[in-house]
Amino acid sequence: MSLSHHHLNTNILPTLSATIPTPFPLVFSAPIVSFLSFIFSSPLSLPSSPPIFSPFPSSLPTRKKMATAFSPSKFAAQPFPLNTTSQNNPLTIPTTASPFLGSTRKLIRLSSSSNLNIRRRSGTVVAVSDVVKENKSKSTLNLLITKEEGLELYEDMVLGRAFEDMCAQMYYRGKMFGFVHLYNGQEAISTGFIKLLKQQDSVVSTYRDHVHALSKGVSARAVMSELFGKTTGCCRGQGGSMHMFSREHNVLGGFAFIGEGIPVATGAAFTSKYKREVLKEADCDHVTLAFFGDGTCNNGQFFECLNMAALWKLPIVFVVENNLWAIGMSHLRATSDPQIYKKGPAFGMPGVHVDGMDVLKVREVAKEAIGRARRGEGPTLVECETYRFRGHSLADPDELRDPAEKAHYAARDPITALKKYLIENSLASEADLKAIDKKIDEVVEEAVEFADESPVPPQSQLLENVFADPKGFGIGPDGQYRCEDPKFTEGTAQV
Amino acid sequence: MGNRAIAEIQFADYIYPAFDQIVNEAAKFRYRSGNQFNCGGLTIRAPYGAVGHGGHYHSQSPEAFFCHVPGIKVVIPRSPRQAKGLLLSCIRDPNPVVFFEPKWLYRLAVEEVPEHDYMLPLSEAEVIRQGSDITLVGWGAQLSVMEQACNEAEKDGISCELIDLKTLLPWDKETVEASVRKTGRVLISHEAPVTGGFGAEISASIVERCFLRLEAPVARVCGLDTPFPLVFEPFYMPTKNKILDAIKATVNY
């Protein structure tokens, strides 16, 4: 692996030195800082998953050059890495310093890929955050986010957590029923990715979709009402937990079936590209994010869509929320190669692995992947290593998982980590964060009250929206809408 | 006998990705290879049917799709005792069988099940309640609902004969026909949507065979023609009252 990491570098170096005169390290300001920061902190604190870009063999390495360019002394001060415990990584990804240094080198914009020896398949990494940033980064403190961004991220994650906890309470009180799947522990991925999107960008999710909808902008009231099955819910109470849709915010659904959403997301990305290129709407650069889990990566639909997306360079990012468990099946037992990010280059797109418990790292990778898609460079496969703190669903007693594993990940709670980061870097005070906590509690309480007071859908809604005619099966012989005919309760709906 | 493969699909709603392989391969292997190969007596078990809180994708009844495929068998038990006997028969049957288990019964049904090995015959329907006014045909969890309706109808003086089909494909036409010849009326009930549900096949076959004997049109009390709803499940389901109404309408035709 270390060898192949270096392969790419020689191809990039000539182009880069021609375009960017500044010394290397400063090119990689914000994004690299987080990556490099854990190398430069104590050796024991190597995080479990620095972003690793699947290599693509091309030509020979030049290790020497890299070592000098990346000497630690060039960085005056590094911000604290968010997650410093990483000993028991179930996915043992080799994290020695040299291949890592090699991989960061790849965060270079392939400005003119024609010069490079990399042929058709751009399996390696590509986008980097703007070169513009390097001018600002000569200050001693290289922070990844501003105060406003930090508070926004914190608020979104706390909203996700508080909402899910309230869902659990409501379920056990019988106000919510059906199958409910909670997102506790994975908030960093939702926040890290979705907060970078515009309103017209689309999100396609799984059955664990409450927090994706919330991050995208659907109000907590609408989501809670939908869970209660009330008519004010985002789908008018039709679907419930696993079916969060929003036309206004372009949430294309939660999907109960695993892998069913990926073709839908691919289609949404296709629409965007079609609009841009065939219908000539030049400013249409909508990106689609498809979220799915580790179990889905063994599903045929996933591979078919990777192929199509790479073939047509669709503006889509495939985000794998690898929480190591597919209901009760351990990912390692079910998959021939557990490193999912490697499946990207097999189809001709970059595959990235990132620590999904750290919202800042996820955000940095997301920026690049979404940027790539927006510029029309094609799809990316991002594997986020994360964990769900609760069981698969509220009906799952969660007895199968090792308590040591749970404790390990509980220590890497993304909200606690972000809080620590904000406070230690003086971006926010305890008081600010407490104020946000309180505000979110009120929002969630209010959402529950709203949902409680909302009406249950009327009986006529049952026959609506089966076909395009919103009133159900049209007008009956008596001149009334059939769905309003009281006789429909007799058990047959004659069309 | 050799080893038998038994596959489980966690919810019948999720069987559709496998539908292609079941219908195009498992059902046709023996046929298209001229009996040189077969799929080894494959049995596929899947929980199906409403459970009260399942929503769109945990409550579907896809038996009608499979009943349209020549080459496989479809079996549905109504109780634990039946389930054991029928499942053992399915496993030992050399043909591919899809065995749907009503998930409603998983937590609710309580029955004495013999511990020894026993098999119940496939393709034989069972008359579980004798009557003389109307024949009710059903399968799976719906039978308990129909039984309640029968008890209520009894109070109104209507004597109902209740038949459990057990095997939907190939189904026991003789037993049902004999019963209809006795009563002259038939009502079919299932949870799947009414249009194209298996009740349609039963209705058409009975009319073909017993047209002159029938005193009233064949009644079907089934789910509505919508995707399985979440909140509206009580309205969607063929409940006891709906069945009772239909029994009375048929008897008073």
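Asp156(A) is buried, with a relative accessible area of 6%. This is a predicted model, so that figure, like the others I will give, is computed from it. Asp156(A) sits in helix H7 of chain A, which runs over residues 147-172. Leaving out residues up to four places away in sequence, Asp156(A) touches Thr191(A), Lys195(A), Leu214(A) and Ser215(A).

UniProt, in an unreviewed entry, assigns "domain: Dehydrogenase E1 component" to residues 156-458 of chain A. Over that stretch the chain is 46% helix and 12% strand. The C-alpha atoms at its two ends are 34 Å apart.

Next, Phe318(A). Is Phe318(A) buried or exposed? Phe318(A) is buried, at 0% relative accessibility. Phe318(A) belongs to strand E6 of chain A, residues 316-322. What does Phe318(A) touch, not counting residues up to four places away in sequence? The list includes Ile262(A), Thr266(A), Ala290(A) and Phe292(A). For a distance across the chain, take Leu197(A): Phe318(A) and Leu197(A) are 121 residues apart in sequence, and their C-alpha atoms are 14 Å apart in space.

Now to the surface of chain A. Phe270(A), Tyr274(A), Val278(A), Leu279(A), Leu311(A) and Trp312(A) form a nonpolar patch there. Together these residues have about 590 Å² of accessible area. Which helices supply at least two residues of the patch each? They are helix H11, residues 261-277, and helix H12, residues 300-312, both of chain A. Trp312(A) is in helix H12. Trp312(A) has a relative accessible area of 38%, so it counts as partly exposed.

On to charges. Over all chains, a search of the whole structure finds 39 salt bridges. I will go through some of them.

In chain A, Glu377(A) pairs with Arg375(A) in a salt bridge, with the closest N and O atoms 3.0 Å apart. Glu377(A) is partly exposed at 28% relative accessibility, and Arg375(A) is partly exposed at 37%. Elsewhere, Asp355(A), Asp358(A), Lys361(A) and Arg412(A) are linked in a network of salt bridges.

In chain B, a salt bridge joins Arg45(B) and Glu8(B), with the closest N and O atoms 3.1 Å apart. Why does this pair tie together parts that are 37 residues apart in sequence? Because Arg45(B) lies in strand E2, residues 43-48 of chain B, and Glu8(B) lies in strand E1, residues 6-8 of chain B.

Also in chain B, the side chains of Glu215(B) and Arg213(B) meet in a salt bridge, at 3.1 Å from N to O. Glu215(B) has a relative accessible area of 44% and is partly exposed. Arg213(B), at 24% relative accessibility, is partly exposed as well.

Last, the layout of chain B. The chain is divided into domain 1, residues 5-105, and domain 2, residues 126-252. Their C-alpha centres lie 23 Å apart. How many residues of each domain are in contact with the other? In domain 1 of chain B there are 28, and they are in contact with 23 residues of domain 2 of chain B.

Conventions. Residues are numbered from 1 along each chain as its sequence is written. Chains are lettered from A and ligands numbered from 1 in the order in which they are written. This is a predicted model: local features need pLDDT of at least 70, side-chain atom pairs count only at pLDDT 80 or more; totals for chains, interfaces and linings use all residues. Side-chain values use heavy atoms; hydrogens and water are left out. Patches are made of residues with over 30% relative accessible area and no salt bridge: like charges are joined within 9 Å, nonpolar side chains (Val, Leu, Ile, Met, Phe, Trp, Tyr) within 5 Å. Accessible areas come from the Shrake-Rupley method with a 1.4 Å probe; for residues, only the protein chains shown count as cover. A salt bridge is a side-chain nitrogen of Lys or Arg within 4 Å of a carboxyl oxygen of Asp or Glu. Helices (H or I, at least four residues) and strands (E, at least two) are DSSP runs, numbered from the N terminus. Buried means under 20% relative accessible area, exposed over 50%, partly exposed in between (1.4 Å probe, protein chains only). UniProt positions are given in the numbering used here, feature names are shortened, and annotations may be inferred rather than shown by experiment. Domain bounds come from an automatic or database domain assignment. Contact means heavy atoms within 4.5 Å.
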